[in-house]
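Work through the two exercises below with the predicted model open beside you. Each task is followed by a solution that goes step by step.

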Amino acid sequence: MIELEGVPELIDPVMICAFEGWNDAGDAASSAVGHLDREWKGEVFAALDAEDYYDFQVNRPTVWLDGGVRKVTWPTTRLSVVRTGGAKPRDLVLVRGIEPSMRWRSYCNEILGFAHELGVEMVVVLGALLGDTPHTRPVPVSGVTSDADLARTMDLEETRYEGPTGIVGILQEACTHAGVPAVSLWAAVPHYVSQPPNPKATLALLNRLEDLIDLRMPLGELAEDARAWQLGVDQLAAEDSEVAEYVQSLEEARDTAELPEASGEAIAREFERYLRRRDGQPGPGQPGGHATEGGVADGRDGSYLRDTSSGRTRPRKPTAKDEPPGLRPGPGREAERDARGGPDDAEGDRDDKGDRGDRADKNDRADEADGDEKKDGEE
């Protein structure tokens, strides 16, 4: 039985959890909980026994000096409580630690024991993963749950994931079996800039959490840090042409995926545009049929192939037919070739002009023959 002494009675408490390690790309999730703990001056009231859950050869303790006295900090999971106050007060229980090395079921049961004693109404677990998302666009944050009713009432996705999982997935399933409403919020971090920290992803998680539990979050300097981070990555990408081209390809894929494709009319327009590109027929405002827009909206033109080893999509590799040797395919190069009339379009134009010339010659010869016949008849 967990005894909580000195912890006041909480108001509509929600437990917010984040774990360093496999579920924490760019340290985005653990930084979000750490930010709330600092801004709201959380008070630690419990810590799990490190001996029970951690391999110290994997997560080593640290030694530090406190006024000349050597002390040891052990890797563990700590729980703190914050009183938010305001017009609609709602207290939070913050759980922050390192993903445990062993005994995950006992670990989750211990956390759920605290949740039960504190009267927690819902558990929200934050996570971050590496994805094919450009750093120049808003960070995608998905909310998932194993509870079908919760998915409907809170506009969340009911998880259908199958495969290896971390402590985030295990804790969510433990909550479901214990009858505790649980939600996971996942932020997608660009895989080409995965080094922590990532304040933009941290900010996105907090914004999504704010909407989910209807509680205003103290963001502090996170917005400014996120802008500075993006500017820094912009400068690094501009110094490498291959990275800049890859980022541009991710931007186009992201923008294409977010097009309003729900209506049949929109799908029909995109299909007609694809047919015009394929057949070289002129479209509205497109003399000679040269394409001025990207390919098919759903990406089925082969511009992206799936890397089965990593599960990520990547730009299509160039072939000798597509690009000169040594050039990496870029999303802007095809449009540039289309705009100036590339080799394929030029051949199409020459063939088209040749056909029109042949037809004109035949018509001229037919007219001359008609004229000769008329003269013979008059004579």
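**Exercise 1.** Describe how helices α3 and α5 are placed against each other, beginning with the handedness of their crossing.

*Solution.* The crossing that α3 makes with α5 is right-handed. As a next step, take the axes of α3, which spans residues 104-118, and α5, which spans residues 167-178: these axes come within 10 Å of each other and cross at roughly 55 degrees. An angle counts as roughly parallel under 35 degrees and as roughly perpendicular from 65 to 115, and α3 and α5 are therefore oblique to each other. Turning to the residues, α3 contributes Trp104, Tyr107, Cys108, Ile111 and Leu112, which meet Ile167, Ile170, Leu171, Ala174, Cys175 and Ala178 of α5. Sorted by class, the residues of this contact comprise 11 nonpolar, no polar and no charged.

**Exercise 2.** Find which residues and elements line the second largest pocket, and state how much space lies in it.

*Solution.* Then look at the elements: two or more lining residues come from each of β7 (122-131), β8 (141-145), α5 and β10 (182-190). Helix α5 supplies the largest share of this lining, with four residues. Finally, sort the lining of the second largest pocket by class, which gives 10 nonpolar, nine polar and one charged residues.

Notes. Residues numbered from 1 in each chain as written. Predicted model: local features only at pLDDT ≥ 70, side-chain atom pairs only at ≥ 80, totals over all residues. Heavy atoms only, no water. Axes fitted to C-alpha atoms, helices over the stretch in contact; angles between N-to-C directions. Parallel < 35°, antiparallel > 145°, perpendicular 65-115°, else oblique. Left-handed = near helix turned anticlockwise from the far one by under 90°. Contact = heavy atoms within 4.5 Å. Nonpolar A, V, L, I, M, F, W, Y, C, P; charged D, E, K, R; others polar. 1 Å grid on protein atoms, 1.4 Å probe; cavity = no way out; pocket = protein on both sides within 12 Å on 5 of 7 lines; lining within 4 Å. Points joined across faces, edges and corners; volume = space filled by probe spheres on them.
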